[in-house]
Amino acid sequence: MAKQKSMKRKPQHLAKTLQQLLSYLMMNKLALFSVVICIILSTGAGIAGTYFIRPIINDYILPGDLGGLARILMVVGVIYLFGVLATYGYNRIMIQISQNTIQKLRQDLFDHLQDLPIGFFDRTNNGDIMSRFTNDVDNIQEALNNSVTQILAAFLTITGTFVMMLIISPILTIVIVVMVLVMILIIKVIGGKSSYYFGQQQQFLGNTNSYIEEYVEGQKVVKVFNHEDEVMAGFDVRNEALQGASQKAQTLSNAMMPILGNTSFVSYALTASLGGLMVVRGMLDIGSLGSFLQYSRTFSQPLSQVSQQTNTLLAALAGAERIFAIMEISSEVDDGTVTLERTETGNFWLTENQRIPVVGNIELKDVSFGYTPEEPVLKHINVWAKPGLKVAFVGATGAGKTTITNLINRFYEIDTGEILYDGLPITTIKKADLRSTMSIVLQDTHLFTGSVMENIRYGRLDASNVEVIEAAKLANAHDFIKRLPRGYDTILSGDGGNLSQGQRQLLAIARAAVANPNVLILDEATSSIDSHTEQLITTGMDQLMTGRTSFVIAHRLSTIRNADVIMVLDHGEIVERGNHEELIQKKGMYYKLYTGQIELD
């Protein structure tokens, strides 16, 4: 994603966001203190150097003291050199502070994402999450690198310069203050409108990025159904909205500096004219006028710098607010107390006073659930399964098949009822321990960048090479892996884009196999593969499911004909149950699904 000097919106909680961001900066207290000292020295050198114009003119140039002029110029040169070194110092230190802060912020954000419940990712667009790590973090980094030091230096310069102008001529200072108020009014009017359009720009940018991501991933589907024109039309609408907001934001932002610059020229001309008149009438010496005129330019420049950095700073604060909004979302709740003990002789659940063998008995008792209270997805579900039993769920799209497996994993918490694992309510089992006894082959196979060996080992990180290869053989993936250019050391990238869909699913099943689970969940694992590969998977899975509690969801009813129990779901309720032969004889809903009278998915 391109780096954008923009923000989603003006921060809604400025003070709170600023406090949160400062808490990260304060992790570098000593370095920050050094930055402040260097900025004070730098601005002090500039202010002192300007004041020397007064004695240079009055005491050396007008009297013609060239020797004294040379000596005082050397003093001024040393002062400015000292200021340059201080400026270099605080810029270098601030870069280090910025990098440390961004590294910590990015790490905390990523770590917190790992603790968020699955529901957050289900309802949040991937592009919107990625924009936190790209646009928002980049905006914060740019503000820390430049805006913070520039604004602090500008504040000190304005304060010191104002004091010196009052000392030299209160009358001319009033003129400067009036013109400064005019400049502040310009900043407020133009900056307010600019902030609004920058907000729209970031919002439209997020929408556009999400649209691009969605249709780049689904490009094959677009081409299959010849929807290129519709997709381009949809992109044009979003792109034009982004262009319109960006144009207005940048127009106002770019107009601010020329307007402020010309206003400062007018202020300088008025000050010079009035000051010249005061010199003629003996109310001010010419050296003081020279110093004051330079101070007047110095006084307006920081205001221009502040206005220039306003958008960057607001973008950073808006980005920080978006990041902290995610970090304030409550982590996945895990109030379980039952833990898992792994031994060479088997696994055990450890309660306060019991040591229960992990068997794999699963029971759903009168379970009801809805992703939202007003839309129940499951109603009074009763299911039980034990090791060696293959339970299949079938039904039309939206019937609630996948939801059941999400509840068994505790990706979501049930509304009413109870789910038992070896007689223990799963709410009493620590989630990490619960999930470590299960393996799931998701509907959408995801492979990570790395070797084939590493992708399979992801199911159990301490698995040996031999165990990985055995799992691949069990999943019937070994033969095709050996034919890859480097076998198990072949590097996969782009979510395994160099593999077929069937091969990717075979690796996913091998990953599940290496975990050696007590409970196995296949969520439509064979829905996108050819018949030959399906047969390979079926053979391997039959071996894998031996002695394990297995739940299967499939698009193809042929894959579950050998299931011990088939649960037929309709609108969140189990309307039929039995094996294949029993359900065919009933000639109910399963029979209609099997014969094609009702569409499965």
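This short talk walks through the aromatic ring contacts in the structure.

Hi everyone, thanks for coming. Please keep in mind that we are looking at a predicted model.

How many aromatic pairs does the structure hold? There are 12 of them. Let me start with F110 and F133. Their ring centres sit 6.4 Å apart with the planes at 70°, and since an angle over 60 degrees counts as edge-to-face, that is what we call this pair. Where do the two residues come from? F110 belongs to helix α4, which covers residues 66–115, while F133 belongs to helix α6, residues 126–168. The pair therefore ties together parts that are 23 residues apart in sequence.

Now on to F369 and Y412. Here the centres are 5.8 Å apart and the planes meet at 55°, so this pair is tilted. F369 is in strand β4 (residues 362–372), and Y412 is in the loop between α11 (401–408) and β7 (416–421), so this contact ties together parts 43 residues apart in sequence. Are these two buried or exposed? Both F369 and Y412 are buried. Y371 joins in as well: ring pairs link F369, Y371 and Y412 into a cluster.

Last, a look at arginines over rings. R297 lies over the face of Y268, 5.2 Å from the ring centre. R355 does likewise with F348, at 3.8 Å from the ring centre.

That's my tour, thank you!

Definitions and conventions. Residues are numbered from 1 along each chain as its sequence is written. This is a predicted model: local features need pLDDT of at least 70, side-chain atom pairs count only at pLDDT 80 or more; totals for chains, interfaces and linings use all residues. Side-chain values use heavy atoms; hydrogens and water are left out. Rings of Phe, Tyr and Trp (its six-membered ring) pair if their centres lie within 6.5 Å; planes under 30 degrees apart count as stacked, over 60 as edge-to-face and the rest as tilted. Helices (H or I, at least four residues) and strands (E, at least two) are DSSP runs, numbered from the N terminus. Buried means under 20% relative accessible area, exposed over 50%, partly exposed in between (1.4 Å probe, protein chains only). A charge sits over a ring if NZ of Lys or CZ of Arg is within 6 Å of the ring centre and within 35 degrees of the ring normal.
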